[in-house]
Amino acid sequence: MTALLLGRDVIGLPVVTIDRGEDVAEVRELVFERDGALAGFTLNKRGFLGGRMRELLVAANVAAVGPAAVMIDSDGCLAADEGSTASVGGSGGGSGDARVFGDEVITESGSALGTITDVVVLCGGGLALVGYQLAKADKSTAFVPLPAQRSISGSHLVVPDELATQLRHDLTGLGEGVAPYKDGLET
Amino acid sequence: MTVNLSELIGRKVVAVDTAEQIGAIGHVRVDPGTGRITAMTVGKGRKAQVVSPDAVRAIAGDVVTVTSAAALREADGDDERALAGGDRDLLRRRVLTTAGYEVGAVADCEFDDDGVLQVVRTTEGEHPAAAFRGVGSYAVVVAAADT
């Protein structure tokens, strides 16, 4: 079963331990590496007035992301935040070069396609970023599959020229776009 | 012969040394690694007392038989207190797969005579005992079908 989730749908999901079935945290924000890769999540305590937790959930410790929960093997998978170089890319957040949301998407020949409004995550094993959602100048949304990315800087995402005519307008279309990438994951 | 969890919960408990009824089964803990019942309580809530499996003679009859009322003891340690508090209960608990999908809630569980889990039945289907990964206050976790 393969499905895709928007980053905003991941925020608020419970983080559940596989060994004990406990909801030990919930996703607060997505954290990105400087190269745009998903580094993991910051966390809130569960429940009303939960508040932020000191611990982080790094991508390597994510067993799976699904529509109902983020699964981890045990509560030992939550690591203390030791000032990692990654930074938060959530709305209004974002410091330094690792900002992803709000980046302008441009083609290699310099045409502006829109700005990144969200990321697309593959459901299933691990934590895999497969693309971006962008808002175009005419306010419509489109999706860019990650393999099309040439580079990302914290202000711009550069994609090949041919992508301008191949933008996917829904997640179903993106699913086809990332199929080669998923095949790569399975091999 | 098999035993359904829904029928085991609430079943009368009789001590074989005195033939007296000492209560009824309140909670059951199943070890995710082996699928075995590793502890039960007699009674629920603050009055729940833990009975270890080596004191249990039989679970599959009309009553559960234990060696003696002296085999009952107070919950000790976090895990037994969680058991007595109902956090290890399987029935009606939401079921998540290891892939993070919700797949209904536990409708019943089937054990063999020796108290070894055979099948977890949910509101949406069933999972073999080998798929059972963990249980806590939030969810029962089962292996995703393709793992």
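Just after helix α2 of chain B, G86(B) takes a positive phi of about 90°; helices (H or I, at least four residues) and strands (E, at least two) are DSSP runs, numbered from the N terminus. The structure is a predicted model, in which local features need pLDDT of at least 70 and side-chain atom pairs count only at pLDDT 80 or more, while totals for chains, interfaces and linings use all residues. Residues are numbered from 1 along each chain as its sequence is written, and chains are lettered from A and ligands numbered from 1 in the order in which they are written.

Helix α2(B) covers residues 77-84. Its buried residues include E80(B), A82(B), L83(B) and A84(B). A residue is buried if 20 or more other C-beta atoms, placed from the backbone, lie within 10 Å of its own, exposed if 12 or fewer, and partly exposed in between. The cover over the buried residues of α2(B) includes β3 (21-30), β4 (37-42) and β5 (49-51) of chain B.

These strands belong to an open sheet of 7 strands in chain B, with the order β6-β7-β2-β3-β4-β5-β8 and mixed pairing. Two strands pair if DSSP finds at least two bridges between them. At the edges stand β6 (56-58) and β8 (72-73) of chain B, each with a single partner strand, so one side of each is left without a neighbour in the sheet. Between β3(B) and β4(B) the pairing is antiparallel, over 4 bridges, and I25(B) has V42(B) in β4(B) as its bridge partner. Helix α2(B) packs on the sheet, touching β3, β4 and β5 of chain B, and its direction makes about 55° with that of β4(B). Axes are lines fitted to C-alpha atoms, for helices over the stretch in contact, and angles run from 0 to 180 degrees between N-to-C directions. Two residues are in contact if their C-beta atoms, placed from the backbone, lie within 7 Å.

The loop between β4 and β5 of chain B holds R46(B). This residue, R46(B), counts as exposed because it has 8 C-beta neighbours inside 10 Å. From R46(B) to A129(B) the separation is 83 residues in sequence and 30 Å in space, C-alpha to C-alpha.

Chain A has 3 helices and 16 strands. Of its 187 residues, 44% count as buried. Among contacts in chain A between residues at least 6 apart in sequence, 48% join residues at least 24 apart. Chain A is divided into domain 1 (8-87) and domain 2 (104-185), with bounds that come from an automatic or database domain assignment. Contact between the domains involves 13 residues of domain 1 and 10 residues of domain 2 of chain A. On the side of domain 1 that touches domain 2, α1 (7-10) and β6 of chain A each supply at least two residues. That side has 9 nonpolar, 2 polar and 2 charged residues; Ala, Val, Leu, Ile, Met, Phe, Trp, Tyr, Cys and Pro count as nonpolar, Asp, Glu, Lys and Arg as charged, and the others, Gly among them, as polar.

The largest nonpolar core has 93 residues, and those with the most contacts inside it are V15(A), V70(A), V121(A) and V144(A). A nonpolar core is a set of buried Ala, Val, Leu, Ile, Met, Phe, Trp, Tyr and Cys residues joined through C-beta atoms within 7 Å. Strand β3 (residues 23-32) of chain A gives the most to this core, with 6 residues. Both domain 1 and domain 2 of chain A give residues to this core, so it lies between them. Residues touched by V144(A), not counting those up to four places away in sequence, include V105(A), Y132(A), L134(A) and V159(A).

In strand β4 (residues 38-44) of chain A, 6 of the 7 residues are buried. Antiparallel to β4(A) runs β3(A), joined to it by 6 bridges, with N44(A) in β4(A) as the bridge partner of E26(A). The hairpin of these two strands has 5 residues between them, and G36(A) there takes a positive phi near 90°. Strand β5 (residues 52-58) of chain A is also antiparallel to β4(A), with 4 bridges; L57(A) in β5(A) is the bridge partner of F41(A).

Strand β10 (residues 104-107) of chain A runs antiparallel to β11 (residues 112-122), with 3 bridges, and pairs with β16 (residues 156-159) in the parallel sense over 4 bridges. E104(A) stands opposite T115(A) in β11(A) and opposite H156(A) in β16(A).
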